[in-house]
Amino acid sequence: MTLFASQIVDGLADGAIYASLALALVFSYRSTGIVNFAQGEMAMLSAYLVWQLMAWGLPLIPAVLVSIVVSFIAGTLLYASIVKPLSHASLLTVVSVLIGLYLALNSLAGFIWTYTIKPLPSLFPKAHLQFGSFSVSAETAGIIVVVGLVLLLLYLLFETTKVGLAMRGAASTPDSAVLVGVSVPVMLLIGWGIAAALGALSGILVAPRVFLNPTMMFGVIIYAFAAATLGGFDSIVGAVVGGLLVGVVENLVGTYVPWIGPDLKIIVALVLIFGTLLIKPDGLFGRKKVVRL
Amino acid sequence: MSLLSLRQIRAGYDARSVLHDIELDVEERQIQVVLGANGAGKTTLLRAISGTIARQGTIMFGGMPIDRLSARKIVAAGIAHVPQGRGTFADLTVDENIRLGAYLRTVAEARQDRERWLTFFPRLRERLSQQAGSLSGGEQQMLAITRALMLRPRLLLLDEPSLGLAPIITQGLFRTLAAIREETGMTMLIVEQSANLALEVADSGVVLESGQIVLRDSAQSLAGNDEVRRIYLGYE
């Protein structure tokens, strides 16, 4: 029973990381209709940036904050330099460019920091929290709390502020957003910035568990895709629920299905993606595309 | 001086020009209607005014040239455009749609105005927390108009408000528009294909044909004009 419960909690922590990267995917997709295949690699660079800043003498927490701010700016630059100019290009062009960006960022990290793994310290102490007979590592609890707080901030941004409302309007019906005086490009720019910052968070949370290396986000981005697909690619709630579900299912299957074990866990993600697309292509929370004539 | 005047306006899409040398004046506190068949250029005319398409010529609004301003600047100058097909934010709630209409204004002003406009459209008050996409066509049109009014515009552009609505709904809508003008003195430029109801509330009108204004008169005379009656009002 304790093993089961701790697998669930560990799954929620993994799921929280997937959820933040899935949210990054959903944010860019909702605002511009583009799936950013390079999101994981951008997150990897964000994690490397933390390592680099620490190597230059900055303490961990300031390094993390600087990296998240730089990532936000990088996200806005990506939108302004690549995504916006391609807004009328064909889907194939956009996909090719983003996959090219994926490879370029991956090689860039290898070029600057080499392919040797590097340790990135965890944001949380190596302690265990004891609740009766049930114990949970401070890292697991910390990840859940940090992602939870970030989600709360995002919720407040979108539900209670004017800018948040304008961002939702711009993503929903850009033509009408212009007619109420909203600058749509600025809103999309902010959206891509937030996506990159969320991705950075996922990279920084996952790096201490898998060590820094240029391919560290490969598994995470697959799980994030599974989460976003399961939740419905245009749903923010869906990305969060999808992320948590994927994390829990992945952990349970890895623990209780002997022939899968930790090595084949990624199959779980692929089965989830495939199954969702087969049975419910819009995902759990996705909107069916209905056009009123 | 007219609130809005257009001189030698030309506009179109890419290489295809739709409007040719349009001259039009809209007087303050008046409702002016633009009649015309499908493809006559009615929608293009409103888009040229609101800056959502490229246009050449001179457009003066309240004594200020606006023909080189972007759509956003024109909104800020006080022209609200209710586009054809309403253009409500389908994913947002009715209340959020209304609040977004007041994006350029303060929260306090928005709260005050919201109450005022909801008295004209009580149906919307019952549906404030509902998603805009789930409203009926008539309610969506009310919402689109309310959202535009939230800007506190000096000029309201309405593109075929009757589109897809039952005649009884359209009639109610035009009565509300007339009541709003009566109470607030709001200037309106309404594009319509089904003209009878529009002419009932309008002061004056023009007829647009192949991108040119071929007739301009008071609403009363237009409603009595044989040609207009035959083509746009459906009388034989």
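Biologist: Which unit do β7(B), helix α7 and β8(B) make?

Modeller: In this predicted model, strand β7(B), helix α7 (residues 167-184) of chain B and strand β8(B) make a right-handed β-α-β unit. Right-handed is said of a crossover in which, with the strands pointing away from the viewer, the path from the first strand over the helix to the second runs clockwise. Helices here are DSSP runs of H or I with at least four residues, strands are runs of E with at least two, and both are numbered from the N terminus.

Biologist: Before we go on, how are residues and chains numbered or lettered?

Modeller: Residues are numbered from 1 along each chain as its sequence is written, while chains are lettered from A and ligands numbered from 1 in the order in which they are written. Because this is a predicted model, local features need pLDDT of at least 70 and side-chain atom pairs count only at pLDDT 80 or more, whereas totals for chains, interfaces and linings use all residues.

Biologist: Back to β8(B): which strands pair with it, and over how many bridges?

Modeller: Strand β3 (residues 31-36) of chain B is joined to β8(B) by five bridges and runs parallel to it, and strand β7 (residues 155-159) of chain B also pairs with β8(B) in the parallel sense, over five bridges. Two strands count as paired if DSSP finds at least two bridges between them. In β8(B), Val191(B) is the bridge partner of Val34(B), and Ile190(B) is the bridge partner of Leu158(B).

Biologist: Is β8(B) covered or open on its faces?

Modeller: Both faces are covered, with Thr187(B), Leu189(B) and Val191(B) buried on one side and Met188(B), Ile190(B) and Glu192(B) buried on the other. A residue is called buried if 20 or more other C-beta atoms, placed from the backbone, lie within 10 Å of its own, exposed if 12 or fewer do, and partly exposed in between.

Biologist: What about the antiparallel sheet, what is its strand order?

Modeller: Four strands of chain B form an open sheet in the order β2-β1-β4-β5, and the pairing is antiparallel. The edges are β2 (16-26) and β5 (64-65) of chain B, each with a single partner strand, so one side of each is left without a neighbour in the sheet. Strand β1 (residues 4-13) of chain B pairs with β2(B) over seven bridges, and Leu19(B) in β2(B) is the bridge partner of Ala11(B).

Biologist: How is chain B divided into domains?

Modeller: Chain B is divided into domain 1 (1-78 + 156-236) and domain 2 (88-152), with bounds that come from an automatic or database domain assignment. Their C-alpha centres lie 23 Å apart, and the contact between them takes 11 residues from domain 1 of chain B and eight residues from domain 2 of chain B. Two residues are in contact if their C-beta atoms, placed from the backbone, lie within 7 Å.

Biologist: Which element gives the most on the domain 1 side?

Modeller: That is α7(B), which gives five residues to the side of domain 1 of chain B that touches domain 2 of chain B. By class, that side has nine nonpolar, two polar and no charged residues, where Ala, Val, Leu, Ile, Met, Phe, Trp, Tyr, Cys and Pro count as nonpolar, Asp, Glu, Lys and Arg as charged, and the others, Gly among them, as polar.

Biologist: Switching to chain A, how many helices and strands has it?

Modeller: Chain A has 11 helices and two strands. Its radius of gyration, taken over C-alpha atoms, is 19 Å, close to the 19 Å that the globule rule (2.2 Å times the number of residues to the power 0.38) gives for 293 residues, so chain A is as compact as a globular protein of that length. Of those 293 residues, 46% count as buried.

Biologist: Where is Leu12(A) found, and what is it in contact with?

Modeller: Leu12(A) is found in helix α1 (residues 2-32) of chain A and is buried, with 23 other C-beta atoms within 10 Å. Leaving aside its neighbours within four places in sequence, Leu12(A) is in contact with Ile144(A), Leu244(A), Gly247(A) and Val248(A).

Biologist: And how many residues does the contact take from chain A and chain B?

Modeller: The contact takes 15 residues from chain A and 20 residues from chain B, and α6(A) gives the most to the chain A side, with six residues.
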